[in-house]
Amino acid sequence: MDNEFNVTYITFGGHVEVQKYRYLYFVIMFTAYILIICSNSTIVCIIVINKSLHEPMYIFIAALLINSVLYSTAIYPKLLIDFLSERQIISYSACLFQWFIYYTLGGSEFFLLSVMAYDRYVSICKPLQYHTIMRKTMVYIFLILAWLLPACQFSVGLFLSAYKKLCYFILKGIICNSTVNKLHCVPSAVLNIYGMIVLVITVPLPVLFILFTYIRIFIVTYRSSREVRRKAAQTCLPHLLVLINFSCLSTFDVLLPRLETIFSQTVYLIMSLQMILYHPLFNPIIYGLKMKEIYKHLKRLFS
């Protein structure tokens, strides 16, 4: 506690030999951050510049990649500062803010993937009604809801956590995620129940909806010609790969705080870094290589 300003500070206890390897950690994570920004921004710019890509599917891909950049920006700058600092600390209010942004953007990711699955479902299963259903107004509504709904859901958890008394000031981790709740003196039943409700709304429900839409797409395309199946696979496969990757990492994030006593601190650090490294780099690679139209413009750009 800083008595002069009445600020409570939390120490990140998940770093391993940061004094010895600080510059190595910094170079690796700084390089990753630059790659994330450049790769995601390149594809977003291609979508914005080329009018042929101003379709709902590509607009949602651009939103997903912007979400990845925001997600990384909520984590990497603070992480880079910590590597070069003598003490890896954060104020409790800043920690809660990072927690809020981290999970809000995670929720936005699942919402956007659900909208993209719905877009593919309408395009393939109801092609004659596509332009009537997925008009510009509807696309803008989906984009607003993608960031607004998760923000509203997690703001309640933020408010409940802000007034909880702290008895522990060392966070076993390198970022402020669900482990923040372990700092409270007394576990809150209300916070735990609300957290479970939000978790179900944010993850399993969208995943079930996405799987349902892709099963419907599979049934429709199975009865169609080979050309229809090929085009469906080209547009749906990247979304499925991104969904599987992000779902695995989200499950990982939920289970990791509960398994912290099983693993050594080094293993725990490596597992924590995987969650913030893989996904933001995975998205632009998948959409850049697997989406034919985007890949075509990328080749033209670099050649």
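Phe30 is partly exposed, with a relative accessible area of 38%; here buried means under 20%, exposed over 50% and partly exposed in between, using a 1.4 Å probe and protein chains only. The model is predicted, so local features need pLDDT of at least 70 and side-chain atom pairs 80 or more, while totals for chains, interfaces and linings use all residues. Residues are numbered from 1 along each chain as its sequence is written, and side-chain values use heavy atoms, without hydrogens and water.

**Exercise 1. Classify the ring pair Phe26 and Phe30.**

Step 1: Recall the rule. Rings of Phe, Tyr and Trp (its six-membered ring) pair if their centres lie within 6.5 Å; planes under 30 degrees apart are stacked, over 60 edge-to-face, and the rest tilted.

Step 2: Apply it. The centres of Phe26 and Phe30 are 5.7 Å apart and the planes meet at 5°, so this pair is stacked.

Step 3: Phe26 and Phe30 are four residues apart in helix H1 (residues 18-49), about one helical turn. Helices (H or I, at least four residues) and strands (E, at least two) are DSSP runs numbered from the N terminus.

Step 4: Check the surroundings. Phe26 is partly exposed as well, at 23% relative accessibility.

**Exercise 2. Now classify Phe110 and Phe246, and say which helices the pair ties together.**

Step 1: With 4.9 Å centre to centre and 50° between the planes, Phe110 and Phe246 form a tilted pair.

Step 2: Phe110 sits in helix H4 (residues 92-125) and Phe246 in helix H9 (residues 226-255), so the pair ties together parts 136 residues apart in sequence.

Step 3: Phe110 is buried at 1%, and Phe246 is buried at 6%.

**Exercise 3. Which residues of helix H3 (residues 76-84) are buried, and where do they lie around the axis?**

Step 1: The buried residues in H3 are Tyr76, Leu79, Leu80, Asp82 and Phe83.

Step 2: These residues cover an arc of only 160° around the axis, which puts them on the same side of H3; the arc is taken from the directions from the helix axis to the C-beta atoms.

Step 3: The partners of these buried residues include H1, helix H2 (56-73) and helix H10 (265-290), where contact means heavy atoms within 4.5 Å.

**Exercise 4. In what order do the three strands of the open sheet run?**

Step 1: The order is E2-E1-E3, with mixed pairing; two strands pair if DSSP finds at least two bridges between them.

Step 2: E2 and strand E3 (170-171) are the edge strands, each pairing on one side only.
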